Amino acid sequence: MPKIAIMTDSNCGITPDDAQKYHIHILPMPVLVGEDTFYEGCNITSEEFYRKLSSGEPVTTSQPSPADVMKMWDQLLKEHDEVVHVPMSSGLSNSCQTALLLAQEEYFKGRVHVVDNHRISVTQAQSVLDAVELTRQGFTGAQIKEILETEAMDATIYIAVDTLEYLKKGGRITAAAAAIGTVLNLKPVLTIQGDKLDAYTKTRGMKSAFKAMCKALDKDLSGRLSALHTQGLLKAGIAYTQMDPDTLEFFKEEMKKRYPDLELFQLPLTMSIGCHTGPGALGIGLVRVHK
């Protein structure tokens with residue numbers, strides 16, 4: 001077995017098949033539906049989640065319990081010398097901060113390395129894959145943590161929201177703004193740049209939103225990510241919540257046409273994002289990759 005175990009949470013969107021292929025250990029995030037608790041990727045499917053969300057049931061996500069985190073660490077340390085744990089961004093959940101505190105416990109100190117590199121979804125997934133590659137190259141757990149945290153901002157994500165209903169429920173927009181936006185077919189574009197999910201722009205229709213997101217990626221490519229692009233150290237990512245397959249395929253093909261020199265990978269947007277965006281959301285991004 002490898003000396004270092006790579007661990008993350010289900011917010012990264014990595015599929016069970018890829019987790020098995022790359023020997024990645026995934027901690028499922030709790031999903032609260034009414035008074036019931038489910039675990040993403042374990043006892044609730046994406047279809048079930050969006051069905052419950054669309055039916056009006058109160059749906060929220062939570063962080064894993066400290067007991068569940070430490071239990072997985074304990075299990076991994078029985079077969080590995082170290083654990084590199086890459087949770088979702090500390091700016092979007094308390095789960096990272098909790099893990100950082102737990103890693104200071106005497107038994108885990110120096111053996112469990114919690115990486116706070118301010119990412120979620122496709123960018124978090126790439127951090128996890130980078131950790132796998134850095135392990136293969138012989139880096140220690142502490143070195144991998146330092147590298148990933150130093151490179152934290154070498155990524156960008158934009159998300160277009162197809163329905164305003166869930167932003168209204170989450171208190172991010174007023175009921176009046178949601179009503180007007182729905183009539184005008186407004187599609188908010190959000191961005192994740194490190195710690196926060198922020199508003200970026202508004203457009204009419206999802207195709208216009210996609211064009212706006214691509215223009216934002218173009219700006220990042222010619223600006224702060226230009227050196228990485230020149231060096232061939234960038235990937236493009238596309239992520240989505242419950243979406244018609246033909247619509248998703250259209251956006252994928254458009255991404256390939258626009259960025260033919262970039263490898264494109266796709267993952268589902270996680271339930272932690274889905275409960276705020278609802279179905280039909282589309283995310284695109286760029287992220288540094290280790291080769």
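What is the volume of the largest cavity? The exercises below start from this point.

**Exercise 1. Describe the largest cavity and its lining.**

Solution. The model is predicted, with local features needing pLDDT of at least 70, side-chain atom pairs counting only at pLDDT 80 or more, and totals for chains, interfaces and linings using all residues. Residues are numbered from 1 along each chain as its sequence is written, and side-chain values use heavy atoms, with hydrogens and water left out.

Step 1. The largest cavity has a volume of about 70 Å³; a cavity is a set of points, on a 1 Å grid over the protein atoms alone, where a 1.4 Å probe fits but cannot get out. A volume is the space filled by probe spheres set on the points, which are joined across faces, edges and corners. The structure holds 4 cavities of 30 Å³ or more.

Step 2. Lining residues have an atom within 4 Å of a point. For the largest cavity they include His118, Arg119, Thr123, Met153, Ile157 and Gln193. Strand S8 (residues 155-160) gives the most, with 3 residues; strands are DSSP runs (E, at least two residues) and helices likewise (H or I, at least four), numbered from the N terminus.

Step 3. The lining has 6 nonpolar, 5 polar and 1 charged residues. Here Ala, Val, Leu, Ile, Met, Phe, Trp, Tyr, Cys and Pro count as nonpolar, Asp, Glu, Lys and Arg as charged, and the others, Gly among them, as polar.

**Exercise 2. Describe the largest pocket.**

Solution. Step 1. The largest pocket holds about 580 Å³ of space; a pocket is an open set with protein on both sides within 12 Å along at least five of seven lines.

Step 1. Its lining is made of 22 residues, and Pro16, Glu40, Gly41, Pro268 and Met271 lie nearest the centre. Helix H2 (residues 46-54) gives the most to this lining, with 3 residues.

Step 2. By class, the pocket lining divides into 11 nonpolar, 9 polar and 2 charged residues.

**Exercise 3. Find how H9 and H11 pack.**

Solution. Step 1. The axes of H9 (residues 206-222) and H11 (residues 245-258) come within 12 Å and cross at roughly 30°. Axes are lines fitted to C-alpha atoms, for helices over the stretch in contact, and angles run from 0 to 180 degrees between N-to-C directions.

Step 1. H9 and H11 are therefore roughly parallel to each other (angles under 35 degrees count as roughly parallel, over 145 as roughly antiparallel, 65 to 115 as roughly perpendicular and the rest as oblique). Their crossing is right-handed, the near helix being turned clockwise from the far one by less than a right angle.

**Exercise 4. Find how H5 and H6 pack.**

Solution. Step 1. H5 (residues 121-136) and H6 (residues 141-150) pack at an angle of about 140°, with their axes 10 Å apart. H5 is therefore oblique to H6.

Step 1. The crossing of H5 and H6 is right-handed. Ser127, Asp130, Ala131, Leu134 and Thr135 of H5 make the contact with Ile144, Ile147 and Leu148 of H6. By class, it has 5 nonpolar, 2 polar and 1 charged residues.

Technical notes. Contact means heavy atoms within 4.5 Å.
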